[in-house]
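Let's take a walk through this fold, strand by strand and helix by helix. Keep the viewer open and follow along.

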Amino acid sequence: MSQLEHLLQQCTVKLTHRQGWGTGFFVAPGWILTCAHVVQAAEPIQVQWHQENWLQAIVERSLSHPYDLALLRVALPTHINPPCVYLDEEAQSRDPLYLFGYPDEGDRNGEPRTFNCDGITGSAIASILFNLGQVRPGMSGSPLLNQRTGKVCGIVKFTRDRSSDLGGGAVPTRVVLEQFPQLRELQREFHGGDRRWSDLVVKQSVIDFQPYLNAIAATYEKWWQLYTLTDAEGKQQSKDAPPIFDFGLIVQTVKEERQQQEEKVERFSVLEGICKYADQHVLLVGRPGSGKSTALARLLLEEATTQKLEFFKNSNFSPHTSSQPRLPILVELRDWQGSLSNLIHNAVARHDPTLKAVPLDTLLNSALILFDGVNELPSEEARSQLSVFRRNHLKLPMVFTTRDLSLGGDLGIEQKLEMQPLKPEQMQAFIRAYLPEQSEAMLRQLGDRLREFGQTPLLLWMLCEVFQQTPNDQLPSNLAGVFQAFTTAYENSSVRKHEVAALKGNVRPLSDRRLWKQALKALAVAMMQGETPVDFRVVMGRDEAERELTKIFPTEQFPVRDILDDLLKYHLLQNRSTNQIEFRHQLIQDYYAAEYLLQLLPSLSDEQLKRDYLNYLKWTEAIALMLSLVGEKFRLYK
């Protein structure tokens, strides 16, 4: 709970009389605002504040339809000094709203609710309409906090449906102040002397997002390097070289069969597509290595750069200005550790640790959230949290990526964009730029297989690496062979690095490299197991990794921690955090899982293969790679 939310609760009271109860709130010392239909001109009115009751409340003035407002006076005990809300007239569509009231169901001592603002009606006596939350009887008269401005923009008046999340309506603060003009002076006097509320509003308003935007711009300046495995042996571009990984990737809209007859499929550049639909939520779908994550990184960089420029144009930014930079936040869902709010906070704090203390609602006031890897969520609970968050923030711009609609689902997102395979001319242009001296020989050897081997940027890059490192520049006959040649070349290059390091007097590897492949296969398979049979992981705790290696190397002379350290230093694993590891790309994890499955295949019955592997979508990529490795005489027909 934020400090403002807590303070709002301190301002709220429960009003009870013979006909029932409702909610009210302090607008000045001894003055309580509520709805006329809550008090119904009944007396005495019992005021409950922090479960302490007073019986001295009287209705000073009541305005029935169409205003439905009432102003009460209460004699405060001398030892009581409750805070008063800060009234403000600003409310607009997409504002996040919060209230605290006393519903007829649930906690009779008060419950919070959050909503999204639809906007203000056009009638003579306007109302604020809001949705995505439930308004129950007893919550009429509650103060409606605008979390963007940090002030109360209205008083809850009615529900649209007491049994659903259709929300309700409120009397705007503007109407309240028109009918009770004396509140303007009472508010000025109170908040001039009591800074509890105004200090929090100022603190919320003057958050400096520039260090965050600057850090993103510096971190993602060379976005094209995200296509490569950064520690792999291979060709690196010079600092001034053009980004040859800018393929001009294309996406197209995904329509249901029924929709395809009514609407034509649209095609965009990847950034144009996701920017067009971000406001209504968009799901970017594509094969591993197709450039989804890199597209989000590029969008993050472009947004940060744009917002920096906008910030400097509006350099008169002050606590009294409601505008602030749009905050792009890249949330990598593979980092999930139990709470979506913590995940978002950590994503922001990664670039500016000072923002860790900023309430989440404040960060979300004008954010663009980029959720990468829906298919990498570790459990159904995680998917449920993400789905609820999306439904509760329909007006907040969001982009999601996923590897496969069958893995993790679509979260109910209607607008989907699908990454398109690279065109032959794009593949050829990349090969010529990456391997200028060998490109024509490579293209001749590939022939018609270029389209199959180079469908995604990552696969095309790996193909170039294999071609230049393979003796006699010979390419494997299938995609699994490309992975096999790539990882083998990587191991060999690591060995050469060890030899060079030894000659220089540096420390040798801690373990025997012949153990590495077996260790990688074991870790890949362990990570294919999640909380349920259909779940899998792309991140593993280091302690768990060491336990898995202990199982397969029970009598090995090298400590398993040394084997793991070598894999992290010289191979295709990397540290995700201090205590977590991952494969450098999910496709690499799939490949080693395929190698494990190939090793296991002779001992599996057809029933076991079907039950434990073929029936699960998470094994799809690994099985496809394994089938390519099997060889013709062992090929399966399932």
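Predicted model: local features only at pLDDT ≥ 70, side-chain atom pairs only at ≥ 80, totals over all residues.

Start at strand S1, residues 12–17. S1 runs antiparallel to strand S4 (residues 45–49), and 3 bridges join the two. If you want a spot to look at, find Lys14, which stands opposite Gln48 in S4. S1 also runs antiparallel to strand S2 (residues 20–28), this time with 6 bridges. The link from S1 to S2 is a hairpin of 2 residues, and His17 has Gly20 in S2 as its bridge partner. How enclosed is S1 by the rest of the structure? Largely, because 5 of its 6 residues are buried.

Now move along to the open sheet of 7 strands. Its order is S14-S13-S19-S15-S18-S17-S16, and the pairing is mixed. At the edges sit strand S14 (267–269) and strand S16 (327–332), each of them pairing on one side only. Ignoring direction, neighbouring strands here are turned by 25° against each other on average. Zoom in on strand S17 (residues 367–372) and strand S18 (residues 398–402), which pair in the parallel sense over 3 bridges. There, Phe371 stands opposite Phe400 in S18.

Helices lie across this sheet as well. Helix H8 (residues 270–277) lies across S13, S14, S15, S18 and S19, and runs at about 110° to S14. Helix H10 (residues 340–349) lies across S16 and S17, at about 120° to S16.

Next, a helix pair. Helix H18 (residues 516–527) packs against helix H21 (residues 586–600) at an angle of about 100°, with the axes 8 Å apart. That angle makes H18 roughly perpendicular to H21, because anything from 65 to 115 degrees falls in that class. On the H18 side the contact includes Leu520, Ala524 and Met527, while H21 brings in residues including Tyr592, Ala593 and Tyr596. Sorted by type, the contact residues divide into 8 nonpolar, 2 polar and 3 charged.

Last stop: the cysteines. How many disulfides turn up in a search of the whole structure? The search finds 0. Take Cys117, which is in no disulfide: the nearest cysteine sulfur belongs to Cys153 and is 6.6 Å away, whereas a disulfide needs the sulfur atoms within 2.5 Å. Cys117 counts as buried because its relative accessibility is 0%. Cys35 is buried too, with a relative accessible area of 0%.

Technical notes
Residues numbered from 1 in each chain as written. Heavy atoms only, no water. Axes fitted to C-alpha atoms, helices over the stretch in contact; angles between N-to-C directions. Helix = DSSP H or I, 4+ residues; strand = E, 2+ residues; numbered from the N terminus. Parallel < 35°, antiparallel > 145°, perpendicular 65-115°, else oblique. Contact = heavy atoms within 4.5 Å. Nonpolar A, V, L, I, M, F, W, Y, C, P; charged D, E, K, R; others polar. Pairing = 2+ DSSP bridges. Buried < 20%, exposed > 50% of the residue type's maximum accessible area, 1.4 Å probe, protein only.
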